[in-house]
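Keep the coordinates open while reading.

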Amino acid sequence: MSETVCCFFGHHDTSPDIMPLLREEITSLITKEGVCSFLVGNHGAFDGMVYTILKELREQYPQINFNVVLA
């Protein structure tokens, strides 16, 4: 069985207001969809938010892993 990988690459001008929604969606991907591997970009606010959330969630869900994809 292959592992599902979720990728996040976003825009540099993203409002911090989306962070709670983003955290909720990533948590749902982990708990409901079984996603354990993530790829995230390294430019801008959106990518930074995803990276921060994944670092925090790894404490609660140690089975997840993520890699930063360099531009």
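The sections below cover the model, the sheet and the helix packing.

## Model and conventions

This is a predicted model: local features need pLDDT of at least 70, side-chain atom pairs count only at pLDDT 80 or more, and totals for chains, interfaces and linings use all residues. Residues are numbered from 1 along each chain as its sequence is written, and side-chain values use heavy atoms, without hydrogens or water.

Helices (H or I, at least four residues) and strands (E, at least two) are DSSP runs, numbered from the N terminus.

## The sheet

Three strands form an open sheet in the order β1-β2-β3, with parallel pairing. Pairing requires at least two DSSP bridges between two strands. β1 (5–8) and β3 (65–68) are the edge strands, each pairing on one side only. The twist averages 20° from one strand to the next.

Strand β2 (residues 37–40) runs parallel to β3, joined by four bridges. Leu39 has Asn67 of β3 as its bridge partner.

## Helices on the sheet

α1 lies across β1 and β2, at about 165° to β1. α2 touches β1, β2 and β3, and its direction makes about 150° with that of β3. Angles run from 0 to 180 degrees between N-to-C directions; axes are lines fitted to C-alpha atoms, for helices over the stretch in contact. Contact means heavy atoms within 4.5 Å.

## Helix against helix

Helix α1 (residues 19–31) packs on helix α2 (residues 44–60) at about 50°, with axes 10 Å apart. The contact includes Met19, Leu22 and Ile26 of α1 and Phe46, Met49 and Val50 of α2.
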